[in-house]
Amino acid sequence: MNIIFSPIVRRPGTDDALDTLSVSGSTLTLNGQAQDLAALAVDPETGLAFDAGYIQSAVRDGDDWTVTLLLPIGDSASEAQRFPVPVTVASGPVPLPEPPEAPPEDPAPEDTL
């Protein structure tokens with residue numbers, strides 16, 4: 001399965017996030033929710049899938065699928081999240097674009113007595 005990520009800025013105050021993604025045959029599991037691509041209502045001319053959550057489009061070519069997924073990102077998104085590289089996965093977990101590194105924590109102040 002060929003997966004193309006399409007970054008979209010999250011609305012303020014929402015928790016929309018694509019945390020986990022895996023592939024098994026024609027089924028994508030997104031954040032624990034399985035979605036069988038073969039069962040989607042897909043417009044054969046545009047490849048657009050309707051009522052599919054993160055799935056923006058799904059186009060089948062024989063046994064191969066090319067799927068475009070929305071990738072919600074925040075204001076502090078990493079370069080990898082803003083400009084994601086397409087991935088191809090036959091089966092199993094799908095690597096998601098890496099989030100930005102967390103800033104180092106401030107060391108705990110030393111007790112001074």
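1. Let's start with burial: 29% of the 113 residues of the protein count as buried, meaning under 20% relative accessible area with a 1.4 Å probe and protein chains only. This is a predicted model, where local features need pLDDT of at least 70, side-chain atom pairs count only at pLDDT 80 or more, and totals for chains, interfaces and linings use all residues. Residues are numbered from 1 along each chain as its sequence is written, and side-chain values use heavy atoms, with hydrogens and water left out.

2. Next, the overall plan. Helices (H or I, at least four residues) and strands (E, at least two) are DSSP runs, numbered from the N terminus.

3. Now look inside. The largest nonpolar core holds 21 residues, and Ile3, Phe5, Leu28, Leu37, Val67 and Leu69 have the most contacts within it. Such a core is a set of buried Ala, Val, Leu, Ile, Met, Phe, Trp, Tyr and Cys residues joined through side-chain atoms within 4.5 Å. Strands S1 (2–9), S2 (21–24), S3 (27–30), S5 (55–61) and S6 (64–73) each give two or more residues to this core; the largest share, five residues, comes from S6.

4. Leu37 deserves a click. Beyond its neighbours within four places in sequence, its contacts (heavy atoms within 4.5 Å) include Met1, Leu28, Trp65 and Val67.

5. Finally, the sheet. Four strands form an open sheet in the order S5-S6-S1-S7, with mixed pairing; two strands pair if DSSP finds at least two bridges between them. S5 and S7 (87–88) are the edge strands. S1 and S7 run antiparallel, joined by two bridges, and Ile3 stands opposite Val87 in S7.

Terms used. Buried < 20%, exposed > 50% of the residue type's maximum accessible area, 1.4 Å probe, protein only.
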